[in-house]
Amino acid sequence: MISKIQTTEKTPVNSSASIRNENGTGKPYISRRYHNFEEADTFTKVRAAAGSVIGSVIPLVYFAKKQNGKIKTLNNLLGIKYGLKEFIAIGAGSIFGGVAAGMIGESKESRKNKLHEGVFQFMNCSVPPVIIAGLFKIGENVKPLNNIPCKILATIVGVGGGMYLAAELSNKINDPKDLYPDRKLTIQDALANFDDVLGALVLAKFKFIEKLGAERLLPAVTAWCGYRAGVSK
């Protein structure tokens, strides 16, 4: 994940740096901006998991009923057709649910960190698909660009550029006065957020992705995003 040191000064940051625990034990822990200052306890993890699942299921049920009528089987529920609104709505629901449930009983600072991480997770699962959808729309209207190689290139640009833009937008929203070091995107971060990439690939509607049935995993993917935000401290 993305490493940032929580500090009141804009100083160079080393992702492996650590600081001493305030409880006086001297035991070091990694301080990561928008991420865990400490391991979340079991109750927090359970709350965040429950909240993110409920948050993703509510819009999933709505779209399943809208597209398929009565939900008689699990296939009716998970077999929805994804567009931008479906993916973003389910992602937003899971993140909101995870953050809201994870905030219960937490300190003011912990709630603030969860909100910040929620912003990042939402941007990271919505900006790349928006860019990909825009590039695909251009390809549909420009015949020489409406082919598989161009679609693959559009997906790569949308995922890479979208994740970078998501991090930049998160920095602006979470830290408008620029008081802390910016949250940078690295290759390790991109790999750690591959679940968001899966959503972008589904929306790109590549046949091999559709044959794999990857869209059925998207509710779990978005729920994981919400859980990550909900357990951040």
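Which residues does Tyr 82 touch, not counting residues up to four places away in sequence? The legends below take up this point and then turn to other parts of the model.

View 1. Contact here means heavy atoms within 4.5 Å, and residues up to four places away in sequence are not counted. Tyr 82 touches Leu 60, Phe 87, Ile 90, Val 202, Leu 203, Lys 205, Glu 215, Leu 218 and Pro 219. Residues are numbered from 1 along each chain as its sequence is written, and side-chain values use heavy atoms, with hydrogens and water left out. Because this is a predicted model, local features need pLDDT of at least 70 and side-chain atom pairs count only at pLDDT 80 or more, whereas totals for chains, interfaces and linings use all residues.

**View 2. The largest nonpolar core.** A nonpolar core is a set of buried Ala, Val, Leu, Ile, Met, Phe, Trp, Tyr and Cys residues joined through side-chain atoms within 4.5 Å, where buried means under 20% relative accessible area, exposed over 50% and partly exposed in between, for a 1.4 Å probe and protein chains only. This core has 31 residues, of which Leu 60, Ile 80 and Tyr 82 touch the most other members. At least two core residues come from each of α1 (42–68), α2 (74–78), α3 (84–103), α4 (108–141), α5 (148–174), α7 (194–204) and α9 (218–231), helices being DSSP runs of H or I with at least four residues, numbered from the N terminus. The most is given by α7, with 6 residues.

**View 3. Helix α9 and its crossing with α3.** Of the 14 residues of α9, 12 are buried, so this helix is largely enclosed by the rest of the structure. The axes of α3 and α9, which are lines fitted to C-alpha atoms over the stretch in contact, come within 7 Å and cross at roughly 35°, the angle being taken between N-to-C directions on a scale from 0 to 180 degrees. Residues that meet here include Gly 91, Ser 94 and Gly 98 in α3, and Thr 222, Gly 226 and Ala 229 in α9.

**View 4. The salt bridge between Arg 47 and Glu 106.** The count comes to 1 salt bridge, defined as a side-chain nitrogen of Lys or Arg within 4 Å of a carboxyl oxygen of Asp or Glu. The closest N and O atoms of Arg 47 and Glu 106 are 3.3 Å apart. Arg 47 lies in helix α1 and Glu 106 in the loop between α3 and α4, so the pair ties together parts that are 59 residues apart in sequence. Both Arg 47 and Glu 106 are buried.
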